[in-house]
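Subject: Structure for you to look at

Hello,

Here is the structure I promised to pass on. Please open it first, then read my notes below.

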Amino acid sequence: METMIKTFTIEKAKTSKIHDVDFENLSFGSIFTDHMLVCDYVNGAWQVPKIVPYQPLTLDPSAKIFHYGQSIFEGMKAYKDEAGDAWLFRPMENYKRMNISAKRLAMPELPEAYFMEGLVALLQLDSDWIPQTAGSSLYVRPFMFASGTGFHASPADAYKFVIALAPSGSYFSGKVKVLIEQKYSRAANGGVGYAKAGGNYAGQFYPTQLATEKGYSQVIWTDDNEHEYIEEAGAMNVFVRIDDTLITAPANDRILDGITRKSILEIAKDEGIPTEVRKISVTEVVEAAKNGSLKEMFGAGTAAVVSPIAAFGYKGTDYDLPELENSYASRMKKRITDIQYNRAEDKFGWRYKV
Ligand code: PLP
Ligand code: COI
């Protein structure tokens, strides 16, 4: 049975920071709104969520998050339309994925009402922070971590669920050039790759740093066994267009099952674009780049939206991708953002009024 929130405490910030924000020049996820939601799990139960002024969290040095990394998160965005109404995009998918991640990290699952009602109440309170400038939105970061204490390497007995909000512009600045990874791995069979676990990102930072030093903005992860099949990028799923077919790797236990990815697959089908969900070998992509049938590569994710890939590096060679008029990437980006910003009909029922 679904748990409903009985009382919902809201402590408002005494002053707002909003007037210090330059909404015309937003970076990604670096300034935060006036409020946040906090919900504690203690004595085997989730307590009633509280909305409080945005503030630091205080933790015991033995909190298990610091030692054993029980930490998961989600990412979504709130959009404002021309009339000033606020919208989310498929938030229930984020809720479900959060609990999938929680289960894999031996953390308690969160009741739907705590996530959804908490999210909506917080967004309503901070709705002035949802940017109306083109290409900007309010990035929503729900996260959960082990606040319970002790050095015993076992799941904590206390957790915190928090939602923080950050008015944000684009995730990438400039062209996206990716490196197809041949040494390091992001995930392995039976591992936590499909969970949105903080550790998955920590493990990516060093190989990504090496790639950044060579001028790439993201790594494209390949399978950990042979480094031959394309899996996903650091913060987005990957699509490849060979001739007119749009191809993406199947979601498995090494890949984050992206909400943007599955939305694009549906939109592509709706547009009559041939799609294939199958293993994509690097050999095939390199061959296609050489013979000219590789038309596009792009990344898809909440933060990245749809980001065309300008070039990829593989074994010391860079392969440039053509710049196409009316590319699949631009068509997918338009269809998806038109739904998100309430500029077009939403035949799939993905928009969610705040
Ligand atoms: N893959 C990774 C590793 C990600 O961090 C993200 C971003 O959330 C995605 C894929 C795309 O997922 P979604 O479209 O649900 O944001
Ligand atoms: C998102 O797109 O929401 C993500 O979580 C990616 C993140 C690493 C910025």
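The C-alpha centres of domain 1 and domain 2 lie 27 Å apart. Domain 1 covers 5-168 and domain 2 covers 176-340; these bounds come from an automatic or database domain assignment.

This is a predicted model: local features need pLDDT of at least 70, side-chain atom pairs count only at pLDDT 80 or more, and totals for chains, interfaces and linings use all residues. Residues are numbered from 1 along each chain as its sequence is written, and side-chain values use heavy atoms, without hydrogens and water.

Domain 1 brings 20 residues to the contact, and domain 2 brings 22. Contact means heavy atoms within 4.5 Å.

About 1800 Å² is buried between the domains, and carbon and sulfur atoms give 60% of that. Buried area is the accessible area (1.4 Å probe) that two parts lose on being put together, summed over both. In domain 1, F89, R97 and R104 lose the most area to domain 2, together 35% of what that side buries.

How many salt bridges link domain 1 and domain 2? The count is one. A salt bridge here is a side-chain nitrogen of Lys or Arg within 4 Å of a carboxyl oxygen of Asp or Glu. K262 and E93 form a salt bridge through their side chains, at 3.1 Å from N to O.

By class, the side of domain 1 that touches domain 2 has ten nonpolar residues, four polar and six charged. Ala, Val, Leu, Ile, Met, Phe, Trp, Tyr, Cys and Pro count as nonpolar; Asp, Glu, Lys and Arg as charged; the others, Gly among them, as polar.

Best wishes

Terms used
Chains lettered and ligands numbered in written order.
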